[in-house]
Each structure stands twice: as structure tokens, then as C-alpha cells.
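Open the structure in your viewer and keep the selection tool at hand. Each stop below says what to select and what to look for there.

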Amino acid sequence: MANEDYIIRPAEIEDLHQVMRINQKTLPENYPYSFFVELLKKFPKSFLVAEKNGEVLGYMMNRIEKGLPGVFTSHFRANKGHIVSIAVLPEHRRKGIGKRLMIEGMKAMKEYGAEEFVLEVRITNEPALAMYKSLGFEVVREIKGYYHDGESAYLMSRKAEDIQIS
């Protein structure tokens, strides 16, 4: 997916150092290099970066999980597309990059068979909450003390059926 300022594309192993830098700069939850590699290898279509002239401006990493029925799926062992982490460098926010990453990431997870998308978000992260709601996510419940610093998260979900793959 292209834009006049950036492109959205599947991440490559060479991107991971920039992705980790963004993760460490923008989010208090950080993951080891091996976690990024594992998700990239297992779900290469849905680990995306926003890139401009070789610089990674943002990323989205996802996985497909089989589990209990969800809000929008009623059968056991439903395929859920879990948005594990999404971040955009502060100087590149409010340009639609996060939203484009979300849309393209959901399309990619649907290709893996996702029937529902889920994510956790800090209850105080108003810009993220507004974006997720604009994309059709609904708050399912609050998870008390979800983050290492004790802050609670909202579990949010939306059905996958109306995401168009093109």
C-alpha cells in the first residue's frame, strides 16, 4: 500500500533493529529480539512496516491465535487475529500511518484465516482508543493491572468479515 510520503510493506529481518528502536522509543512494553523474529517468521504477511526512503516510521506486528469463542465468533477454536504491537514514531504521528498499518494488518490477518481481531490498549491512551473505535473495535472489558506498571487495559475486538482483501 503506497502513499505519497510512505509505503506499507511486509517487514524483513533487516528492519527489525529499526522496529525495536521504535518500540523502545514509543512504548513502555518492550520485547526481546527473538520475539520479533518469531512473529516475523510465523506470520510474515501480517508483520508490517511503514517506510519512507529506507527509514521505518512505524510498525505493526500480529499473530493468529486459536482459542475460546470470542465476542464475534461463537465456535470453539476460533481464529483470532491478535494485534500484538503497533507504534509510529512521534514525529510521524497524525498522518494516517497507524490507521493504514491497522487496515493492511487486518487484511493480512484475514488471509491467515482470522475471524475476529483483538487487541489490548492502555485505558489512558485516548488517541489509540479513538483510532481503534474509528476502525470498528469495541471495548469488550477492562483488564485490571494488565501492564507492568499496574495500569489497566481495555480488551477490544471487532469482527473480520467486513475487512476487504484486495
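**The whole chain**

Start with everything shown as a cartoon, and keep in mind that this is a predicted model. The protein chain has four helices and seven strands. Followed along the sequence, these elements come in the order β-α-α-β-β-β-α-β-α-β-β. The chain holds 166 residues, of which 49% count as buried. Among contacts with a separation of 6 or more, 64% join residues 24 or more positions apart.

**The core**

Next, select Phe47, Ile83, Leu101, Met102, Phe117, Tyr132 and Phe137. They belong to the largest nonpolar core, a set of 47 residues, and touch the most other members. Which element gives this core its largest share? Strand 3 does, with six residues. Other elements that give two or more residues include helix 1 (16-26), helix 2 (33-42), strand 2 (48-52), strand 4 (78-88) and strand 5 (116-122). In soluble globular proteins, nonpolar side chains tend to be buried together.

Now keep Phe137 and show what surrounds this residue. Beyond its neighbours within four places in sequence, Phe137 is in contact with Ile83, Met102, Met106, Phe117, Val118, Leu119, Tyr132, Met156, Ser157 and Arg158.

**Leu57 in strand 3**

Move to Leu57, which sits in strand 3. Is Leu57 buried or exposed? Its relative accessibility is 2%, so Leu57 is buried, the cut-off being under 20%. Leaving out residues up to four places away in sequence, Leu57 touches Tyr6, Ile22, Ala50, Lys52, Val88, Leu89, His92 and Ile97. Pick out Ile22 from that list: Leu57 and Ile22 are 35 residues apart in sequence, yet their C-alpha atoms are 7.9 Å apart in space.

**Helix 3 and helix 4**

Select residues 97-111, which are helix 3, and residues 126-134, which are helix 4. The two helices pack at an angle of about 45°, and their axes are 11 Å apart. They are therefore oblique to each other, and their crossing is right-handed. To see the contact, show Gly98, Lys99 and Met102 on helix 3, and Met131, Tyr132 and Ser134 on helix 4. Three of these contact residues are nonpolar, two are polar and one is charged.

**Buried residues in loops**

Select His92, in the loop between strand 4 and helix 3. With a relative accessible area of 15%, His92 is buried. Apart from neighbours within four places in sequence, His92 is in contact with Glu55, Leu57 and Ile97.

Then go to Glu151, in the loop between strand 6 (138-143) and strand 7 (153-159). Glu151 is also buried, at 18% relative accessible area.

**Two positive phi angles**

Most residues other than glycine have a negative phi. Asn53, which is not a glycine, has a positive phi of about 50°. This residue lies in the loop between strand 2 and strand 3, and Asn53 is exposed, with a relative accessible area of 74%. Arg94 is not a glycine either, and has a positive phi of about 65°. Look for Arg94 in the loop between strand 4 and helix 3, where Arg94 is exposed at 85% relative accessible area.

Notes:
Residues numbered from 1 in each chain as written. Predicted model: local features only at pLDDT ≥ 70, side-chain atom pairs only at ≥ 80, totals over all residues. Heavy atoms only, no water. Axes fitted to C-alpha atoms, helices over the stretch in contact; angles between N-to-C directions. Parallel < 35°, antiparallel > 145°, perpendicular 65-115°, else oblique. Left-handed = near helix turned anticlockwise from the far one by under 90°. Contact = heavy atoms within 4.5 Å. Nonpolar A, V, L, I, M, F, W, Y, C, P; charged D, E, K, R; others polar. Buried < 20%, exposed > 50% of the residue type's maximum accessible area, 1.4 Å probe, protein only. Core = buried A, V, L, I, M, F, W, Y, C linked by side-chain atoms within 4.5 Å.
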